[in-house]
Amino acid sequence: MAKIVVIGGTGLIGSKVVKKLDAHGHEAVAASPNTGVDSVTGEGLADALHGADTVVDVSNSPSFAPEDVMEFFTTSTHNLVAAEKAAGVRHHVALTIVGTNRPQTIPYFAAKSAQEEIIRESGIGYSLVHATQFLEFGGSIADISTEGDTVRLPGALIQPIAAEDVSTAVARAAAGEPVGDIEIAGPEVFGMDGFVRRTLAFRKDPRTVVRDDTAPYYGAVIEERTLIPLEGVQIFSTRLDEWLPANPPRA
């Protein structure tokens, strides 16, 4: 069994990954600023990675401002790669996004693409797990797209996936050998507006969702299939109608 360090291991995905790896007998270490490990400053990295076979990076930028998110992912990943080489780590697993390798102007995607490039050029074996949008983010997508009582969203297609399924895919990648790039998605395809409309309706949210294909998604206008996975994607089973009753909105 392996020692696997999970950067961002106390967050939504990371905590689930740590539990799954522990349950399968691995020595999973949750590393985050909360545990004294900061991949941006480098604090605690050398000690955390000592004796590690694999590093999993599911960390995320605290700010989504274009300059901030680019700085976070490039600085953090450069620090991780250097520390991994010093520690003899053989496998780097990173959670990223479906669509980073396609033409789009989303600043967050550009930062993730830069992160991926650093990993690919590191010389360390890697697995990049490209996930579609999380079911968990339906409410936050609505919030950033609300004007008054109206939510304006494009009809661009998405194939959302549950965080639980994402953590399963990441844990499987971490427990295996480097595989390069893989894509994961949920079983259903929605228009962005339709996904949010169903989420809000189930939660009896009074806002009206209007389809507007000129409306931005995280600051950029997207094409119909920008966020849809390609052939060969790994499909997980959790459907929106079964996920919603088990996941009330956070207070």
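The structure is a predicted model, in which local features need pLDDT of at least 70 and side-chain atom pairs count only at pLDDT 80 or more, while totals for chains, interfaces and linings use all residues. Residues are numbered from 1 along each chain as its sequence is written, and side-chain values use heavy atoms, with hydrogens and water left out.

Helices (H or I, at least four residues) and strands (E, at least two) are DSSP runs numbered from the N terminus. Helix 3 comprises the 22 residues 66-87. Its expected span, defined as 1.5 Å times one less than its number of residues, is 32 Å, and this agrees with the 32 Å that separate its end C-alpha atoms. Buried residues are those under 20% relative accessible area, exposed residues those over 50%, and partly exposed residues those in between (1.4 Å probe, protein chains only). The buried residues of helix 3 include Val69, Phe72, Phe73, Leu80, Val81 and Glu84. Their cover includes strand 1 (3-7), helix 2 (45-49), strand 3 (54-57), strand 4 (91-97) and helix 4 (107-120). Just after helix 3, Gly88 adopts a positive phi of about 75°.

Thr100 is located in the loop between strand 4 and helix 4 and is buried, with a relative accessible area of 6%. Its side chain reaches the backbone oxygen of Ile97 at 3.4 Å. The side chain of Thr100 also makes a polar contact with the side chain of Glu116 at 2.8 Å; such a contact is a pair of N or O atoms within 3.5 Å, where within protein one must be able to donate a hydrogen and the other to accept it, and residues adjacent in sequence count only if both atoms are side-chain atoms. With neighbours within four places in sequence left aside, Thr100 is in contact (heavy atoms within 4.5 Å) with Phe109, Lys112, Ser113, Glu116 and His130.

Side chains of opposite charge can pair when their charged atoms come close. A search of the whole structure finds 13 salt bridges, each defined as a side-chain nitrogen of Lys or Arg within 4 Å of a carboxyl oxygen of Asp or Glu. Glu116, Glu117, Arg120 and Asp181 are linked in a network of such bridges. Within helix 4, Arg120 and Glu117 are three residues apart, and therefore separated by about one helical turn; their side chains meet at 4.0 Å, N to O. Both are partly exposed, Arg120 at 31% and Glu117 at 38%.

A further salt bridge joins the side chains of Glu147 and Arg152 (4.0 Å, N to O). Here Glu147 is exposed at 54%, whereas Arg152 is partly exposed at 34%.

The side chains of Glu188 and Arg239 meet in a salt bridge at 3.1 Å, N to O. Glu188 lies in the loop between strand 9 (180-185) and strand 10 (190-191), and Arg239 in the loop between strand 12 (234-235) and helix 8 (240-246), so the pair ties together parts that are 51 residues apart in sequence. Glu188 is buried, with a relative accessible area of 12%, while Arg239 is partly exposed at 43%.
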